[in-house]
Each structure stands twice: as C-alpha cells, then as structure tokens.
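Visitor: Hey, I've just opened this one and I'm new to it. Can you walk me through a few spots?
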Amino acid sequence: MINYDLLARETEKLGVDLGDYGIERFDNYAERLVRWNEHVNLTAITDPDEILYKHFIDCLYIFKYVNMKPNEKVIDIGSGAGFPGMPLLMANPQLDVTFVDSVGKKLGFIRDVLRTSGLFGETIHQRAEEVGRSSKYREQYDYAVARAVAPLNILCEYCIPLVKVGGLFIAMKGSGGAEELAKANNAIRVLGAEVAKTAEFTLPNGDARTIIILRKISQTPTKYPRKAKKIDTKPL
C-alpha cells in the first residue's frame with residue numbers, strides 16, 4: 001500500500017533505519033488503518049502518501065530530537081489510531097509503550113496492529129486524568145507523548161504527572177505550537193517541569209510542525225491532575 005522506497009528514504013534522513021521488516025510493519029499498519037477506518041472513526045487521512053507523511057514521518061521526527069533507548073517506558077496519551085506511540089514502537093520494538101485512550105474501539109484497533117505486527121504494548125481503556133492519579137502509573141514513565149489531543153496548557157496536566165523526575169513530556173503540534181507554549185508556561189511550572197527544547201520543522205509535503213519537549217524537574221503536586229471538567233474549563 002505505501003511506497004517502501006519513499007518511507008525508507010525519508011526515515012533515513014531522520015537517522016532511523018527501519019529495515020525491510022520494519023517497513024513491512026508500517027505497510028500493514030497503513031492497510032489496517034484504512035480497513036478499520038471504514039467502520040471506526042480513526043482518521044480523515046486515507047491516501048497512502050498522506051498517511052506516510054502526515055502520520056508516520058510526522059511521528060518519527062521525535063527520534064530526530066530525542067534518543068529513546070531500549071526498554072525505556074513511553075506512555076502515549078490520547079492514542080487514537082496509535083499516533084505517535086505506534087510508529088515509535090515500530091521503529092524501536094524494544095521500547096516499552098503504553099497506549100491510553102478513552103474510546104475502546106480505538107484501543108481495539110491498536111491491539112489488532114500490535115498482534116498482526118508481532119509487537120508488544122499495553123493498552124489502557126481509561127481517561128488520562130484517571131491514569132495520572134493511579135499510583136500504578138503516576139510518575140512511572142521516561143516519556144509521555146501526545147499528538148493533537150488538546151491545547152498545551154491542558155495537555156500538560158494530563159501528561160506531566162505520568163512522567164518520572166528527569167523524564168520528558170513530548171508534545172507534537174502544528175504550526176501554532178509556539179503560541180500554545182506561551183500560554184502554557186504557568187502549567188509547566190506548577191506541574192514540575194521546564195522547557196527542554198522546542199523545534200519547528202516542515203514535513204516533506206510542506207506541512208509545518210512544532211515539537212515541544214518538557215523535562216520533569218520535580219514531583220507533580222498530588223492535587224494534579226484534577227477532574228477533566230476542571231482541567232478543561234480552568235486550565236492552569
């Protein structure tokens with residue numbers, strides 16, 4: 001379904017070597033995404049080249065800025081169709097990736113892709129703030145990642161509590177990422193993090209993107225995350 005040579009060429013530019021088997025996994029992912037999308041609302045993007053650029057390459061840009069090591073723990077908040085966690089796992093199958101979403105059918109799709117790709121990952125059918133209040137998950141992860149879930153000042157409260165001190169929260173944003181960051185400074189500070197790096201880049205098809213990387217420098221106060229309604233209506 002996808003253009004193997006194009007995927008190999010573009011990922012090589014990011015320092016990612018997928019190998020033939022890795023590329024086949026991405027092809028299976030794209031095929032199942034289009035098939036499942038016929039009865040589960042996963043994505044508006046179904047053209048093979050657009051899937052490659054706007055989903056796969058976009059997510060893999062994380063590896064250009066962050067060196068994720070084998071066995072490090074990643075939690076993907078609001079996974080949806082598995083972005084960005086699934087492309088990260090396919091490119092580095094030794095990562096320990098957990099997918100969180102409140103929609104069970106989307107997690108069913110993720111489990112299907114994991115099974116048919118021969119990969120292992122945990123899925124949690126729960127709201128992010130509930131996961132963040134659980135001692136089983138709170139401050140247990142080297143990385144929290146999220147893409148296109150909510151404005152950054154809201155997203156921080158869902159994600160930062162899950163990151164261990166010294167770990168990173170990585171937010172994938174569109175062209176307005178810098179403006180979102182400016183509005184999120186108070187949330188970042190209150191939740192125990194600091195800005196480690198921001199970068200703007202352009203996908204091969206011309207779309208503008210921003211990656212925002214926050215480092216956890218102290219434990220998040222126990223009152224966070226709050227209930228979802230308060231997070232959304234009164235962001236930090």
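Visitor: Leaving aside neighbours within four places in sequence, which residues is Ser-79 in contact with?
Guide: Setting those sequence neighbours aside, Ser-79 touches Phe-99, Val-100, Asp-101 and Ile-110. Keep in mind that this is a predicted model.
Visitor: And is Ser-79 buried or exposed?
Guide: Ser-79 counts as buried, because its relative accessibility is 3% and the cut-off for buried is under 20%.
Visitor: Where does Ser-79 lie, then?
Guide: In the loop that links strand E1 (73–77) with helix H5 (85–91).
Visitor: OK, new topic. What is the order of the strands in the open sheet?
Guide: There are seven strands, in the order E3-E2-E1-E4-E5-E7-E6, and the pairing is mixed. Strand E3 (122–125) and strand E6 (193–202) are at the edges; each has a single partner strand, so one side of each has no neighbour in the sheet. From one strand to the next, the twist averages 20°.
Visitor: How do E2 and E3 pair?
Guide: Strand E2, residues 96–101, pairs with E3 in the parallel sense, over four bridges. Asp-101, one of the residues in contact with Ser-79, has His-125 in E3 as its bridge partner.
Visitor: What does helix H3 touch on the sheet?
Guide: Helix H3 (residues 48–60) packs against strand E4 (141–147), strand E5 (163–173), E6 and strand E7 (208–216). The direction of H3 makes about 150° with that of E4.
Visitor: And which strands does H8 lie across?
Guide: Helix H8, residues 152–159, lies across E1, E4, E5 and E7, and runs at about 145° to E5.

Technical notes:
Residues are numbered from 1 along each chain as its sequence is written. This is a predicted model: local features need pLDDT of at least 70, side-chain atom pairs count only at pLDDT 80 or more; totals for chains, interfaces and linings use all residues. Side-chain values use heavy atoms; hydrogens and water are left out. Helices (H or I, at least four residues) and strands (E, at least two) are DSSP runs, numbered from the N terminus. Buried means under 20% relative accessible area, exposed over 50%, partly exposed in between (1.4 Å probe, protein chains only). Contact means heavy atoms within 4.5 Å. Two strands pair if DSSP finds at least two bridges between them. Axes are lines fitted to C-alpha atoms, for helices over the stretch in contact, and angles run from 0 to 180 degrees between N-to-C directions.
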